[in-house]
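Visitor: I am new to this structure. Please show it to me, and I will ask about the terms used for it.

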Amino acid sequence: MKVFHTRKKQFLAFFMPGFFLGIIYVNFIAKKYMAEPGIFSDYFLTQFTSVQIDVREYLLYLLRLRLLPLSVLAALSFTKARRAAAVLFLVWTGFSGGVLISCAAAGLGIKGSLLCVTALLPQFLLYIPAYLILLWYCYSAPGVQWNRQKTIFVILAMSVGIILELYVNPVLVKAFLSVL
């Protein structure tokens, strides 16, 4: 159990600097782009509430968006570059999260941050453990072995996450935007 806490701290040691770099990037480097209307503008958000989502197209988009990084990380997990891949993935994920939260807060204030949380639920409650298992393997191998249970869990968590993102998440986001 002590190893788990040590790895968790190491993961945070790579994620958090990326997160802070994302915040710094938005606030100091990309400041001029923040003045332009984007996805966190009132116009875009009101348009989203009235749009009808084509499930088939959205499913293809989600499969590409969610399974491509998972597949690349999984493929790299069986190479000697697995630890570097895990570190780069954590830094990039932190950076992306920092950029997203900063853009949302700059565009809508606290409502933007709450919108981001709403947009990540409930699917990220499944995506995060699936990725953590894969990252744990990448970072700990060869001391940790990959097995069938891990494969089943990752595939099942990602599949259920995609289904939730396809059907439940748009309803939650639209409900949140209607109250906004």
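Guide: The side chain of Ser-159 comes to 2.7 Å from the backbone oxygen of Ile-155. The model is predicted: local features need pLDDT of at least 70 and side-chain atom pairs 80 or more, while totals for chains, interfaces and linings use all residues. Residues are numbered from 1 along each chain as its sequence is written, and side-chain values use heavy atoms, leaving out hydrogens and water.

Visitor: What makes Ser-159 buried, exposed or partly exposed?

Guide: Ser-159 has a relative accessible area of 35%. Buried means under 20%, exposed over 50% and partly exposed in between, with a 1.4 Å probe and protein chains only, so Ser-159 is partly exposed. Ser-159 lies in helix 8 (residues 148-167).

Visitor: How do you know whether Arg-66 is buried or exposed?

Guide: The relative accessible area of Arg-66 is 17%, so Arg-66 is buried. Arg-66 belongs to helix 4 (residues 55-76).

Visitor: Which residues of helix 6 and helix 9 meet?

Guide: With contact meaning heavy atoms within 4.5 Å, Lys-111, Leu-114, Leu-115, Thr-118, Ala-119 and Leu-120 in helix 6 meet Asn-169, Leu-172, Val-173, Phe-176 and Leu-177 in helix 9.

Key
Helices (H or I, at least four residues) and strands (E, at least two) are DSSP runs, numbered from the N terminus. A polar contact is a pair of N or O atoms within 3.5 Å; within protein, one must be able to donate a hydrogen and the other to accept it, and residues adjacent in sequence count only if both atoms are side-chain atoms.
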